[in-house]
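My notes follow in the order I made them.

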Amino acid sequence: MGDFNLALVIVAVVVSVLVLLVSVYLLVNYQHPDDANQAYFPKLVVVLGLTVAVLSILMLPADVANRQACRKAVYSGACNLTLPMRTLWLVVYIVDAVLVFLVIPFAMFYYEGDQDKSVGKRLRTALIWVVASAVVCGLILGILYGLVGKVDFTVRHLSSSVETFPNSFSGFSSGQPCINSLPRQCAASTAPANSLTTWTMRATFPEYVVALTTIVGSVLFTIFGGVGIACLPLGLIFSFVRRPKAVITRSQYIKEATELGKKARELKKAAEALHQEERSGNKGRKWRKNVKAVEKELLLLEDDMKALEEMYPQGEQAEATWAFTVLGYIGKLIFGVVGLIISIAWVAHIIIYLLIDPPLSSFLNEVFIKLDGVWGLLGTAAFAFFCFYLLIAVIAGEMMLGLKLVFITIHPMKWGGTLMNSFLFNVGLILLCSISVIQFCATAFAYYAQATAAQEIFGHTLQSLRGIKYLYKYNVFQYGFVALAILTLFYYAIFGWRKRKPTGRFQLSN
């Protein structure tokens, strides 16, 4: 392979191994003690899902670096690329779709199954649900692919008459670039308006699966990402604003602890009542609503307990604990301010480069290119960081909406306290949104990522797919993203500085 780049292959292998090790590290440190030494299949799915999600994000910077193998070629097909990125993209995203729609649901159904049932019955129940879901999804995909699985490219038909090849090129200049005697006009440049036509071809099935998965992920990404891009930094900043200013007295601590104890007993009683209803087979809409309400109250109770422990540190190292608490809130402020700058840069870039036609500036594209000029991988690293930031914003948005809206299930990620069902849910959400993040980044940074395999898949095929192209033609997802970010900003400006009031006596809805 003439342009084979051994260094790029070594980096790709090393990074893949590091990502796998980091995924295992996150699983070990985030898992709940109740899941220790058990639930091995869900854990394997979590590690595989995290690895695929992170690698899919890193593949776009790798695609940009891979393009450098052909930087001296006259056209892209005139050389051999280091990595077969187009094939790798399709493989990764087919694996992504299989994990999201088949493997992760199976693992969740199995993990959340009735523990009183045998392993065989739990496996059978989970398999029935997944097979039924796969049949429905397969039928929908097959019907849609057969009916509208085509790509419509808008092209201009250009033609020119044949001219004798000149013996001398001395007559050519900037004012006369063509053989034609007309100044500044070649035969093709005088094409009439009706030369525009539509070139239709059938998309490959893997590309169509990636496209539909991207649409589903784009809806979730627009909602959760738009909210998260604002609430992620503002949540950290207002957490510093609402921080405890001083240590409370012992009597205040006893009073608050007593109230939390009463609340804990109420929730325990409610949980036992729901467990009895589950055993009796009464698992209707009201039961599911009550379960979500109890989960929300438990999460808020844990936050209240943590806040109380912060305000009244105990033990021999109480002063040191308080000092670390203060430093922690200062760290939140610093990260919040940095995150706010990144969020503003993201929103500004979307408006300047994507929503305004023609773009006012290439903005972040130019920043990455200049950083590459400073050091070869600096721009690529910054590019990858901006993509990862969007994924973190998606998780932050899902957590915020889960606390505010009853119909959204809460799946918190806590250090040393995350159950496997929450792990699987968040990994599935990350996988589903990672496709949309890549598509979003490939569009937002089209100037920086030009001539890459990702841009060919997401920038041309996807945006020309019949029935879907209008969502991208009119920037529906970008407008929704910016609108939700602005609404979240107003929400925090009005309510963010207020401390949450303690809830009253908890009761299950009848």
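I started with cysteine 137, which counts as partly exposed because its relative accessibility is 32%. My cut-offs: buried is under 20% relative accessible area, exposed is over 50%, and partly exposed lies in between (1.4 Å probe, protein chains only). Cysteine 433 is at 0%, so I logged it as buried. I then counted disulfides, taking a pair of cysteine sulfur atoms within 2.5 Å as the rule. The count came to zero.

A note on the source. This is a predicted model, where local features need pLDDT of at least 70 and side-chain atom pairs count only at pLDDT 80 or more, while totals for chains, interfaces and linings use all residues. Residues are numbered from 1 along each chain as its sequence is written, and side-chain values use heavy atoms, with hydrogens and water left out.

Next, the whole chain. I found 14 helices and two strands. These are DSSP runs numbered from the N terminus: helices are H or I with at least four residues, strands E with at least two. Of the 510 residues, 39% are buried. The chain exposes about 28500 Å², with carbon and sulfur atoms supplying 66% of that. Areas come from the Shrake-Rupley method with a 1.4 Å probe; for residues, only the protein chains shown count as cover.

Then helix packing. I took axes as lines fitted to C-alpha atoms, for helices over the stretch in contact, with angles from 0 to 180 degrees between N-to-C directions. The axes of α5 (residues 205-241) and α11 come within 7 Å and cross at roughly 95°. That makes α5 roughly perpendicular to α11. I used these classes: under 35 degrees is roughly parallel, over 145 roughly antiparallel, 65 to 115 roughly perpendicular, and the rest oblique. Contact means heavy atoms within 4.5 Å. Among the contact residues are Phe221 and Phe224 of α5 and Cys433 and Phe440 of α11.

I checked α8 (residues 318-355) against α11 (residues 420-444) as well: the axes come within 10 Å and cross at roughly 55°. That makes α8 oblique to α11. The contact includes Trp346 and Tyr353 of α8 and Phe440 of α11.

Last, threonine 488. I found it in helix α14 (residues 476-495). Is threonine 488 buried or exposed? At 6% relative accessibility, it counts as buried. It touches Gly226, Val227, Ala230, Cys231 and Met400, leaving out residues up to four places away in sequence.
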